[in-house]
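Please look over the sequence and the structure below before reading on.

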Amino acid sequence: MISEDLFNEAKKFLPGGVNSPVRAYKPYPFFAERAEGSRIYDVDGNSYIDYCLAYGPLVLGHADQSIIGAVSKQLENGTAYGVPTENEIKLAKQVVRRVPCADMVRFMNSGTEATMSAIRLARAATGRKKIVKFEGSYHGAHDYVLVKSGSGAAGLPDSPGVPEDTTKNTVLAPFNDEEAVAKLIESEKDEIAAIIVEPVMGNIGCIPPKKGYLEFLRKITAENNIILIFDEVITGFRIAEGGAQEYFGVTPDLVTFGKILGGGFPMGALAGKRELMEMIAPSGNVYQAGTFNGNPVSIKAGLAMLKQLDSSFYTTMNSKGQKLRKGLEDVLENNGLNFHVAGLSSMFQIYFKEGDVLDYKDAKSADTQGFTAYFHKLLEGGIFLPPSQFECCFLSRAHSDEDLQITLENVDEALKVVKK
Ligand SMILES: *Cc1c(COP(=O)(O)O)cnc(C)c1O
């Protein structure tokens, strides 16, 4: 069946035809048949250079041979045990060695679980209820963090079914704004358990922190006994060996991981300082559990992944990213457009607007219709980006110079459409 027919069929059995909302772009998404390296192939016979990369996990590209090898061996030895394995210790040691704030790790299944558990732990450790999150940040799909972005200081639920009793404890602040956070803490410091932040915002396009901003958050949280949580579900193992905390030189109290850590398989993790982590059951009484926690297949894939992510990997990815962003800027200039090219390391996005993007409000002023036209034009040419102005695009090790060249030529063509 072709994608269009599959989508019509899917809608009968899956809400909206998909299993996660962002996948359902109009008029219908392509259905994948297979993927390899930098390419994804659809059931209609097309191939695409992939910059979505499953929304972040695939830093080595699709179907990396070393991961396939490691996982195949594990499959023959069983897929779930419900008892501990030595490999869990090995992966935990890898995380602890790389990540500055990590003394201990709890493995789970998704980034959503990781942020939910981090917030519970922060509340238990401080005896306080409120958390601060930034407008436009995404920390997964659970009730504590599904708060309408940009709705002001009070937490209004983003979805029906989320009680206001829950989200009233979630306080919003604009990203990159020191004064707003200082004011919030001034008035509510005795109630705030944690600040949770994506050190590089990756769910509203791509917004790096202003110089000194993460340092500011570290200082003001430490002074007020507030726990600082870095949500590194995207940046973890992507922008440096030790993630954003190494890249920017700022060490939080807790960190959440997902995406890359499972080597392309489902995985999430919470890590942090020993005195906090030891509060987690069974060594402490803060409850966290999961049938598939530390799943041997995901753990094996994670080990195979991390083995390849050494410092030279990050040097290469940083220069590949720089080269692409520079190329995008040149193509924009050739087309007489002043759109903002955002990103760092292997993360990038073009904002369809002029001028800097420092927070949610700036991002939201972009021309989303223009972006959608650009997305579709690129898709026609065999380039797959995440289908939204407010997602981040990713590079993998598998993306070649030739891939980048083809991409820039297609972007040039696509921008001509958008300009009209
Ligand atoms: C993707 C993402 C999550 C949620 O992870 P899932 O594995 O999809 O539950 C949380 N935080 C950030 C920053 C993310 O990008």
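The domain bounds used here come from an automatic or database domain assignment. The model is predicted, and its chain is assigned domain 1, made of residues 31–64 + 311–419, and domain 2, made of residues 65–306. Taken over C-alpha atoms, the centres of domain 1 and domain 2 are separated by 26 Å.

**Where the domains meet**

- Domain 1 brings 30 residues into contact with domain 2, which in turn contributes 34 residues.
- Between domain 1 and domain 2 an area of about 2,600 Å² is buried, and carbon and sulfur atoms give 63% of that area.
- On the side of domain 1, the residues that lose the most area to domain 2 are Asp64, Tyr314 and Tyr360, which together account for 26% of what that side buries.

**How two helices pack**

- Two packed helices are described by the angle between their axes and the distance between the axes.
- Helix α3, spanning residues 86–98, packs against helix α10, spanning residues 296–308, at an angle of about 40°, and their axes lie 9 Å apart.

**Which residues touch**

- From α3 the contact is made by Asn87, Glu88, Lys90, Leu91, Gln94 and Arg98, while α10 supplies Ile299, Lys300, Gly302, Leu303 and Leu306.

Technical notes
Residues numbered from 1 in each chain as written. Predicted model: local features only at pLDDT ≥ 70, side-chain atom pairs only at ≥ 80, totals over all residues. Heavy atoms only, no water. Axes fitted to C-alpha atoms, helices over the stretch in contact; angles between N-to-C directions. Helix = DSSP H or I, 4+ residues; strand = E, 2+ residues; numbered from the N terminus. Contact = heavy atoms within 4.5 Å. Buried area = accessible area lost by both parts, 1.4 Å probe.
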